[in-house]
Amino acid sequence: MKKPIMEVIDLKVHFPLTDKVSFPWQTPPTLKAVDGVSLTLYEGETLGIVGESGCGKSTLARALLRLLPITDGNIIWLGQDLVTLGKQAMRRKRQELQMIFQDPLASLNPRMTIGEIIAEPLRTFKPELSRDEVTAKVRHMMEKVGLLPNVINRYPHEFSGGQCQRIGIARALIIEPKLVICDEPVSALDVSIQAQVVNLLKELQAEMGLSLIFIAHDLSVVKHISDRVLVMYLGNAVELADKQALYSNPQHPYTKALLSAVPIPDPQQEKNKTINLLVGDLPSPINPPSGCVFRTRCPETKDSCSQCKPELVSINKQHQVACTLIN
Amino acid sequence: MFMSSKLQTVDALISTDADIDGRSLWQDARRRFFANHAAIASLIILACITCISLLGPLFSQWHYEDIDWEALSDISLLGRPSIESGHYFGTDTLGRDIFVRTMQGGQISLLVGILGSFVAVVIGTLYGAISGYVGGRIDNLMMRFLEILNSFPFMFFVIILMTVFGRHIFLIFVAIGAISWLDMARIVRGQTLALKNKEFIEAAHACGVSGLQIILRHIIPNLLGIVVVYATLLVPNMIILESFISFLGLGVQEPMTSWGALISEGAITMEIAVWQLAWPLAFLVLTLFCFNFLGDGLRDALDPKDR
């Protein structure tokens, strides 16, 4: 039985839109970027998060590390609630939780050498290490992520995107975290480099026993790396299932539509497949539809969908769906 | 044959474990700066002016307070610039040597310019960076405070200082320092706002780096380019400001002088003794030009995109 390391309970991240009000005593409207997501992450597994742009994937990732203010909910990390932790205590916890960013070059300080960049977490969390020890660790880490250690004194602008992402990975892994959140780590890279970086992540995960939360909007990349996949729509989790179950037997109408749009690498099949195209646009997260947020675009919608908000409910051991019609 | 040997050298270089040194953005900027002839020439001229101002008085038989009684009898004739009399730049209406006085005034003017902008840089950068990084209500408060200070009429402030505490060189620093950091703080705050949402700041935050360390280690080094440029362009402003105060007669106290005070005195007698105006004016104009060219050169070097 796998051990859960992180449990997220009804997490909400709402941003008040203060510039939308004329007087300070009015309550500002809120943008509901993440609106009640619950999930459990097990030790050593990879959880993929997919969804279209603006569905709250990145907000969820940042909220899990408390890089954003959390409106409501709990994040239980190894038995401790991160939401209630003080500033100092949270800072200490950060050595167990690390993050890899979307834009490889923008996430590296242009004025620091990559040696300094990779060493930064060590400097923060292990100030007792001597300079030589730090350098040795950095070189070792650079070798691990496939960088030549003799480029330690170079600057970020002297590297390619893929190399910069490796530097970002090295920085995240050097203090041996237990969980790494990857916020679209490969979407800024071209396809061959994507494969290298994803495979590197997989190798390092196996070697170090990491848990990963892997965010992407590329369904095939997520399929390659994940054990389980969470599908998000407008700040809500709509389906959470094992990779096999989700890709072969999607239950939620949104997941079905999403998967039908994945290109097939065979021109014959690609020509014959039908995409069940969703009508309409993504509703505004400031004023989401009542009940099921997907009902405005759902091909199978019924009157009852607007009554109450569906929760993620298990339909079998590996599969949870949030849809009133299925439950 | 030649190709292959070259390739072998490259191979050897790659395979050795020697660390390859990268070229930082600073080194890039330095290269671009040294390619800018106007800026380099300005730098050399400024260095010369500074040296002359500091060392020049040693090569003259006169002291800046000394009155040449002989020349005083007929300033327009005996007070002319000449090598024989020892008054290389001539004398002023009181028979004091203009060369030594210009040098001494240069010391004061450069000191005010450089110290004034140094004060502005230190206070302005820290104030602006903290205000921009912290944001929210504190940012609002800090900026409103700055606006209140900025709305204070500068000359009024100087006159009050001078009448209450008397004329003193230290008060000029206070007066100039008090207003000059305001613009600096604004500029730095704006840059910080642009920087603080960059991913590398978020990455530092995720790595558990504390707020102060983020400001010192990540924000300020990235601001420094703009700060350096602005500081260089601030020096001539400071000098002009000091000259302006001195021109109005509120600046340094006699017998000390500054370029502004010398110009003010020279302007009265420019019809009969033009050298009394010409020499300090020439030094002032040259210095201002050089600082401006230097600032332009630095801006081009540090900010190649904005050209």
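**Salt bridges within and between the chains**

In this predicted model, A:Asp35 counts as buried, because its relative accessibility is 12% and the cut-off for buried is under 20%. A:Lys309 itself is partly exposed, with a relative accessible area of 35%. As a bit of background, side chains of opposite charge can pair when their charged atoms come close.

A:Lys57 forms a salt bridge with A:Glu184, and here the closest N and O atoms are 4.0 Å apart. A:Lys57 lies in helix H1 (residues 57-64) of chain A, while A:Glu184 lies in the loop between strand E7 (179-183) and helix H6 (191-208), so this pair ties together parts that are 127 residues apart in sequence. Both A:Lys57 and A:Glu184 are buried.

Chain B shows a pair within one helix. B:Asp28 and B:Arg31 form a salt bridge, their closest N and O atoms being 3.9 Å apart. Both belong to helix H2 (residues 25-34) of chain B, and because they are three residues apart, about one helical turn separates them. B:Asp28 is buried too, at a relative accessible area of 14%.

Now to where the chains meet. Here, 29 residues of chain B are in contact with 32 residues of chain A. Together the chains bury about 2,800 Å², and 50% of that is on carbon and sulfur atoms. The count between chain B and chain A is two salt bridges. B:Arg217 forms a salt bridge with A:Glu120, with the closest N and O atoms 2.8 Å apart. There is also a network of salt bridges that links A:Arg62, A:Asp183 and B:Glu202.

Polar contacts join in as well, with eight residue pairs between chain B and chain A. On the side of chain B that touches chain A, the elements giving two or more residues are H2, helix H10 (199-206) and helix H11 (211-247) of chain B. H10 of chain B supplies the largest share of that side, seven residues. By type, the residues on this side of chain B split into twelve nonpolar, nine polar and eight charged.

Definitions and conventions:
Residues numbered from 1 in each chain as written. Chains lettered and ligands numbered in written order. Predicted model: local features only at pLDDT ≥ 70, side-chain atom pairs only at ≥ 80, totals over all residues. Heavy atoms only, no water. Buried < 20%, exposed > 50% of the residue type's maximum accessible area, 1.4 Å probe, protein only. Salt bridge = Lys/Arg side-chain N within 4 Å of Asp/Glu carboxyl O. Helix = DSSP H or I, 4+ residues; strand = E, 2+ residues; numbered from the N terminus. Contact = heavy atoms within 4.5 Å. Buried area = accessible area lost by both parts, 1.4 Å probe. Polar contact = N/O pair within 3.5 Å; in protein donor to acceptor, adjacent residues only side chain to side chain. Nonpolar A, V, L, I, M, F, W, Y, C, P; charged D, E, K, R; others polar.
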